[in-house]
Amino acid sequence: MSRIFVSHSSENNAEAVALCDWLGREGWKDEVFLDLDPTRGIAAGDHWERKLNEAANRCEAVLFLLSRAWLGSEWCGKELNLARRLNKRLFGILIEDLADTDLPNDLTDEWQIISLASGTDGVTLDTLMPTTHKEIRVTFSQEGLQRLKHGLEQAGLDPKYFAWPPASDPNRPPYRGLRPLESDDAGIFFGREAPVIEAMDRLRGLREARPPRLMVILAASGAGKSSFLRAGLLPRLMRDDRHFLPLPVIRPERDAITGKSGLLSALDAAFQAAKIPIKRADLRAALEGEAEALRQLLQTLVDKSTPAAADHRDKPKPPTLIVSIDQGEELFFAEGQDEAKAFLAILRDLLTHDTPPVIVLCTIRSDSYEQLQEAKLLEGIRKVPFDLSPMPKGSYAEVIKGPMFRLMGTERKLEIEEGLVNELLTDIDAGGAKDALPLLAFSLERLNAECGGSGKLTLSDYEALGRIKGSIEAAVEHAFEAADDDPDIPKARNARLALLRRGMIPWLAGIDPDTGTPRQRVARQSEIPQEARPLINHLVNQRLLATDVARQTGEQTIEPVHEALLRQWSLLQGWLAEDAGLLAVLEGVKRASRDWAANDKDEGWLTHATSRLQAAERLQGRPDLAASLEQTDRDYLAACREHENERIAESQAVRARKRRVELAFIGVLMLLSVFGIAHAFWVNFDYLKVHGEIIADTLRSKALPPETERSLAQMVLQPGQNISFRECNRCPEMVVVPKGEFLMGSPPTELHRTKAEGPQHKVTIPTNFAVSKFETTFDEWKACVDARVCENIPDHHWGRGTRPVINIAWDDARQYATWLSGRTGRTYRLLSEAEWEYAARAGSTSAYPWGDTIGEGNANCDGCGSQWDRQTAPAGSFKPNAFGLYDMQGNVFEWVQDCATANYEDAPTDGSALTDNSCRSRILRGGSWSYTPPDLRSAARRASPANDQSSSRGFRLARTLSVEP
């Protein structure tokens, strides 16, 4: 890959060729793009403009050979604008003596300027011109060339430009196992060169943008996002100290501010590194006091790092402070919420001001991103997502062999048998992409620790350690063998397993209620049952668990080294599967009690009722799990039970009153029967005995007559012709959608497209069908609640009425559809995913129904520019689409029938849903008030656990139109 792009005027071809030849001799051979190069430049027949754009987009740095001819060249100006737009690292290379006033205004302030114009230290370079093979001589400044070499090495993103082993740790292991790589490991961070270049470009662009500046690195667990942040981005940002000032990485754990890796420790380390004397107590006071005090302290830090101004120029633009957060999902765990909320409030203040300028860089699991998007303390803060895909298979060989090459020439020379490399790659391929990287890292660490002392890693060593698939199981068995000599640990295997289970669950491993997947936890050692601690310590010795010490309290903490352990250790995986239901309930209780306490224990936040409350109360039958309930959690459950008992008592009183009315009614009928007129009433008795409101609603039923329904199912609708109907007083209004064909999914060129939206495929909707004109509202939902079928749902005090009902799980939506079908005698259901996209597009092919950009005031989302962007909007607050449907984009996500799928490889083409009653995750469509515009695109889709309830979840219904008589 060309890492350096050279921009030059054609009048300076000789200087450009000579400089490129010199760069090749100095270590950048085959890494420089020059349009004149016969092998790496622009070949005959190539589209020259596209080729230049592609090369500039992929490179790490751009060298501009500044001369009078370059300044006068229109094309060179275009290259400059392109490099700025792509946010590249820029070097201005003076090849002529030019006055500062001749240069672009921002050149000397923002660029690194190096003069190669020869002075007294000129060095002559002999080279041959391409094509003509004419020999030329060019003279450059020797000092300037050395400055250029040093600058490019500092700007270089490749691992080879970082010393390794680090001088401060000459015996540092070349393989880090399940632990993330750190800044000291930048020299062995292989396989991620392209994403590093892209992320650095994004960060340079954010630096130039207006606040807020929040970039979120999204990746699945096991993709290596922590190493990407710590060993990939931060060391490179630290080198670019003219533009960036990174704080040490913050990891929230339980104490996002005062913890061992919290904000306070990061600030303390940053001020010490800058040699600014300040007491830790003063930093703590600034964090606890007014926001202005903290910003002033940070401004002091930034001012100290701002380079001095040249005599004749204004002070350069200060570096942008980088606040890095690793494992951002921990900010939303039930434990440690007090500090997490205070931390998010601090971030909000820093992000919304520009003194000093701040970029927040946060890694988070993809399945937890929604919690960040919906965080109330970050409402209105634009989030720039950066998707870190799994490492390409072709990069694993580099991960294996790269550290070996870095050790060549040192006293720790390491050799890896080629057969071992091939077997490692074969095992990775056989295991699929899931956890491939952490399992490879763990296997290599164990191999090196056990056998690296010989200077050679062999295939036979790998076999003896259990290969990749058995590496974690083998490490556990080693821990059990070591426990044989420990008198505090029982000898019987079953007793040990029971002890290990009590020590691991729920303290170190639990279930995420949003995704249903295992998640690691950080526990205080004092929380681990005392009898299990000796065995847990043996897992620490096998590098399966990691310990640390909390700086504030001095207490030891412990956690799994990586979440992959929870998925790949079959024994623990089985235990978690057995307890998954109760562990999800446990986490759900902790979250709900946290929200309840944060809202002054308002009864509107008592979300556990009926069967959900009964499930929570079953935790008492598992003392090992119930032990992790804190007093607030127990108080919350007690308040829920009291509220539920009151509801039951009230419901019983209502039924008793209704029974008395019914008995009186029967008495009247019996009296009337004496006069011979009871028959007309009695035939409708079962119908009339239901409570009054439903009687009235049913008597006003307007179910479509069969002939009308057939007509609507078969009619040809004209453009702009919207026909709607309502089949009962509190039924949703339905709009007839015409049959047709459309291209489902997004094209590869669509901005913000994801792989889940492809491949595009033609779908045929064979018959007309009806769709709710609006998202299902609280008023409509209440009819089902009154019928004692659906549960009452909290509205977060935003209002009910015509606002869309929220906090709806997939089963809740399906239950409402079933109830409505029973009430009307007609088929109501959720839309299939294909029907939803067809209805949302309403004939459009652009990203949004109204065009390729979000515009302003077209929908309700985080960044849509409407008055409702921080909560739900009443139904019909925005213009309908061409089918007459409202809020298909934004407001709340809408559940559809389909099971979650990774893409459209096996998608139906007839408009039907891809369903399976056993699937645990379903598809959401349309985006919501708390999500950014890309989620509102017609093709955007998101998978979510079917039991997920949140303020961004709602639904709308479809109505099948039958052609049968």
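Biologist: The link of Cys728 and Cys731: right-handed or left-handed?
Modeller: Right-handed, with 95° about the S-S bond. This is a predicted model, where local features need pLDDT of at least 70, side-chain atom pairs count only at pLDDT 80 or more, and totals for chains, interfaces and linings use all residues. Residues are numbered from 1 along each chain as its sequence is written, and side-chain values use heavy atoms, leaving out hydrogens and water.

Biologist: How far apart are the sulfur atoms of Cys728 and Cys731?
Modeller: They sit 1.7 Å apart, and the two cysteines form a disulfide. The term here covers a pair of cysteine sulfur atoms within 2.5 Å.

Biologist: How many disulfides by that rule?
Modeller: The count comes to 4. Number the bonded cysteines of the protein chain in sequence order and the pairing reads 1-2, 3-4, 5-6, 7-8.

Biologist: Are Cys728 and Cys731 buried or exposed?
Modeller: Both are buried. Buried is under 20% relative accessible area, exposed is over 50%, and partly exposed is in between, with a 1.4 Å probe and protein chains only.

Biologist: What about Cys784 and Cys790, how far apart are their sulfur atoms?
Modeller: 2.0 Å, and they form a disulfide. That link is right-handed, with 70° about the S-S bond. Cys784 and Cys790 are both buried.

Biologist: And which hand for Cys899 and Cys919?
Modeller: Left-handed, at -80° about the S-S bond. The pair links distant parts of the chain, 20 residues apart. Cys899 is in strand β26 (residues 893-899), while Cys919 is in the loop between β26 and β27 (921-925). Helices (H or I, at least four residues) and strands (E, at least two) are DSSP runs, numbered from the N terminus. The S to S distance is 2.1 Å. Cys899 and Cys919 are both buried.

Biologist: Why does Cys640 count as buried?
Modeller: Because its relative accessible area is 1%, which is under the 20% limit.

Biologist: New topic. Where is Ser628?
Modeller: In the loop between α24 (623-626) and α25 (631-674). Ser628 counts as buried because its relative accessibility is 8%.

Biologist: What is Ser628 in contact with, leaving aside neighbours within four places in sequence?
Modeller: Pro506, Trp507, Leu586, Lys590 and Asp633. Contact means heavy atoms within 4.5 Å.

Biologist: Now the open sheet of 5 strands. What is the strand order?
Modeller: β9-β10-β11-β8-β12, and the pairing is parallel. Two strands pair if DSSP finds at least two bridges between them.

Biologist: Which strands stand at the edges?
Modeller: β9 (244-246) and β12 (383-387). Each has a single partner strand, so one side of each is left without a neighbour in the sheet. The twist averages 25° from one strand to the next. Axes are lines fitted to C-alpha atoms, for helices over the stretch in contact, and angles run from 0 to 180 degrees between N-to-C directions.

Biologist: How many bridges join β8 to β11?
Modeller: 6, between residues 214-219 of β8 and 358-365 of β11, and the strands run parallel. Leu218 has Ile364 as its bridge partner in β11.

Biologist: Which strands does helix α8 lie across?
Modeller: β8, β9, β10 (320-325), β11 and β12. Helix α8 covers residues 225-239 and runs at about 160° to β11.
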